[in-house]
Every structure is written in structure tokens, then in C-alpha cells.
Amino acid sequence: MFDILAIKLPPFMQNSTFIIIIYVVLIIGFMYFLMIRPQKKQKQKQQNLMQGMEVGDSVLTSSGFYGMIIDITDDTVIVEFGGNKNCRIPMQKEAIVDVEKAQPEE
């Protein structure tokens with residue numbers, strides 16, 4: 001197989017088992033960098049987003065509604081939608097997709 005390239009491989013590299021092990025290691029490494037690592041980065045970004053939420057921030061929920069945070073507890077937030085005082089809905093923090101910080105009034 002390697003006679004065409006005129007490369008003399010050591011005897012342990014001529015074994016097909018060794019080549020299969022190398023391929024499996026390469027595939028696992030490839031999957032790590034394409035699938036697992038980006039997912040970990042996205043999870044870290046979501047955690048930073050949850051920790052940075054404050055009362056008065058505008059948020060986008062996973063259902064597509066925009067609202068303003070009225071109250072925050074450990075795992076839930078109360079969001080007011082549309083400026084209507086009667087439309088305050090408690091929801092889990094995980095339902096928040098995006099946070100826009102409140103602008104300080106001048």
C-alpha cells in the first residue's frame with residue numbers, strides 16, 4: 001500500500017489496527033471541536049446572561065415576547081409585557097433568550 005510513496009514505515013505502523021485507532025482518535029477529536037466545544041461556550045454565555053440580569057432590563061422570551069423585568073428570585077423572574085400593569089407573568093430564567101440593559105435616565 002505504501003510502496004507507491006516509497007515510504008518505509010516502522011513495523012508497528014504497518015498494522016491495520018494501529019491505523020484504525022488513529023482514525024477513531026481523529027474522529028473523536030473532530031467531533032469535540034465541532035459539537036461539544038461550541039455547546040459548552042453557548043452554555044457559558046447563557047449562564048453569564050442569567051447572572052447579569054437586573055430589574056428594569058428589557059428581555060426577549062423564548063416564545064418571542066418582549067418585556068421588562070419587574071422582580072428576580074433564584075430561579076424565576078416576573079416580566080411585565082406591553083407596559084400593562086395587569087400583564088405580569090412569572091417565568092423561569094431559562095425562558096429568557098436575550099437581555100438588553102436598561103438605559104440610565106439623564
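Which backbone nitrogen does the side chain of aspartate 57 reach?

Okay, so what you're looking at is a predicted model. The protein has one helix and five strands, and if you read along the sequence you get α-β-β-β-β-β. Of its 106 residues, 14% count as buried. Contacts between residues 24 or more positions apart make up 36% of those with a separation of 6 or more.

Back to the opening question. The side chain of aspartate 57 reaches the backbone nitrogen of glutamate 54, at 2.9 Å. Where does aspartate 57 sit? In the loop between helix H1, residues 16–51, and strand S1, residues 58–61. And buried or exposed? Aspartate 57 counts as buried because its relative accessibility is 2%, and the cut-off for buried is under 20%. Leaving out residues up to four places away in sequence, aspartate 57 touches Gly52, then Gly67, Met68 and Ile69, and also Val99, Glu100, Lys101 and Ala102.

Now let's go over to the helix. Leucine 26 lies in H1, and with a relative accessible area of 53% leucine 26 is exposed. Leu26 also belongs to a nonpolar surface patch of about 1,200 Å², along with residues including Ile22, Tyr23, Phe30, Phe33 and Ile36.

Last thing, the surface overall. The accessible surface of the protein comes to about 8,900 Å², and 61% of that belongs to carbon and sulfur atoms.

That's me done, thanks.

Note on methods
Residues numbered from 1 in each chain as written. Predicted model: local features only at pLDDT ≥ 70, side-chain atom pairs only at ≥ 80, totals over all residues. Heavy atoms only, no water. Helix = DSSP H or I, 4+ residues; strand = E, 2+ residues; numbered from the N terminus. Buried < 20%, exposed > 50% of the residue type's maximum accessible area, 1.4 Å probe, protein only. Polar contact = N/O pair within 3.5 Å; in protein donor to acceptor, adjacent residues only side chain to side chain. Contact = heavy atoms within 4.5 Å. Areas by Shrake-Rupley, 256 points an atom, 1.4 Å probe, with all protein chains shown as cover. Patch = residues over 30% accessible without salt bridge, like charges linked within 9 Å, V, L, I, M, F, W, Y side chains within 5 Å. Salt bridge = Lys/Arg side-chain N within 4 Å of Asp/Glu carboxyl O.
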